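The points are meant to be read beside the model.

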Amino acid sequence: MPGRMTFYYNPQSRAATARWMLEEVGADYDTVPIDFEAGDNRKPDFLAINRMGKIPTLVLDDGTVLTETAAILAWLAEAYPAAGLAPEPGSSARGSYYRWLFFGGSCFEPALTETMMRRDAAPLSKASVGWGSYNDVIDTLEHAVSRSPYLVGENFTAADVYLGSQLSWAGSFGAPRIQDSAAIQSYVERVIDRDAYRRAMRPA
Ligand SMILES: N[C@@H](CCC(=O)N[C@@H](CS)C(=O)NCC(=O)O)C(=O)O
């Protein structure tokens, strides 16, 4: 089992998702608060750890630096197998699990950014951008969460931590078609109804 880690965190950020996962697996970690207003993430000490100046950033007990929410979740799921948050390596379910983990980062995130931050711009070419279109992404997710309780069938996985968190956040700041989708809302309510989520939402 991994030794004590250092977790750079702000509750109003993607680091909240990583904290949920740290709580899911029962990781041993110290939290370092990052105050964006104070510019903590642009100070030389932090930039020396993550040149991107972004969180979540997780430093392992041997000094290895992990960034990118999906990568942190995938690593934690593997490093703490007893938590049962990743399907068997090489199984079909493992393939689906990767599909949704990657879909979160490479389709949902940029589609959301395009929709929320470029509202007045013409849509980018659906055939050229990797996420197609926001509506296609939401249709795909709506279908995926309607056919089984979790993204990978009957079992909750780290992919649900990622997509559940993304959908919950996106809905809370008014992204289209999330709060008015009964299937997505029911999925979000289902996946966040967990002790680890509630612990992760407490003040650090
Ligand atoms: N690709 C990264 C994105 C991380 C990210 O953009 N984090 C934001 C907070 S949600 C951040 O640290 N922003 C501060 C800044 O860039 O100054 C991931 O998936 O974890």
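1. Basis of the note. This is a predicted model, in which local features need pLDDT of at least 70 and side-chain atom pairs count only at pLDDT 80 or more, while totals for chains, interfaces and linings use all residues. Residues are numbered from 1 along each chain as its sequence is written, and side-chain values use heavy atoms, with hydrogens and water left out.

2. Strand β1. Helices (H or I, at least four residues) and strands (E, at least two) are DSSP runs, numbered from the N terminus.

3. Neighbours of β1. Two strands pair if DSSP finds at least two bridges between them. β1 runs parallel to strand β2 (residues 29-33), with 5 bridges joining them. Within this pairing, M5 stands opposite Y29, and T6 has D30 as its bridge partner. With strand β3 (residues 57-59), β1 pairs in the antiparallel sense over 3 bridges; there F7 has L58 as its bridge partner.

4. The crossover. β1, α1 and β2 make a right-handed β-α-β unit. Right-handed means that, with the strands pointing away from the viewer, the path from the first strand over the helix to the second runs clockwise.

5. Helix α6. This helix takes in residues 158-172; at 1.5 Å a residue its 15 residues should span 21 Å, and the end C-alpha atoms are 21 Å apart, which agrees. The expected span is 1.5 Å times one less than the number of residues. Because 12 of the 15 residues are buried, α6 is largely enclosed by the rest of the structure. Among the buried residues are D160, Y162 and Q166. The buried residues of α6 pack against α1, α3 (69-79), α4 (92-117), α5 (134-146) and α7 (182-192), where contact means heavy atoms within 4.5 Å. Just after α6, G174 takes a positive phi of about 80°.

6. Aromatic rings. A search of the whole structure finds 9 aromatic pairs. W20 and Y197 form an edge-to-face pair, 4.9 Å centre to centre with 75° between the planes. W20 lies in helix α1 (residues 15-25) and Y197 in helix α8 (residues 195-201), so the pair ties together parts that are 177 residues apart in sequence. Rings of Phe, Tyr and Trp (its six-membered ring) pair if their centres lie within 6.5 Å; planes under 30 degrees apart count as stacked, over 60 as edge-to-face and the rest as tilted.

7. A charge over a ring. R194 lies over the face of F156, at 3.6 Å from the ring centre. The criterion is NZ of Lys or CZ of Arg within 6 Å of the ring centre and within 35 degrees of the ring normal.

8. Two single residues. D139 lies in helix α5 and is partly exposed, with a relative accessible area of 40%. The C-alpha atoms of D139 and R177 are separated by 9.4 Å, and the two residues are 38 residues apart along the chain. A86 is found in the loop between α3 and α4 and counts as partly exposed at 23% relative accessibility. Not counting residues up to four places away in sequence, A86 touches A77, R94 and Y97.

Methods
Buried means under 20% relative accessible area, exposed over 50%, partly exposed in between (1.4 Å probe, protein chains only).
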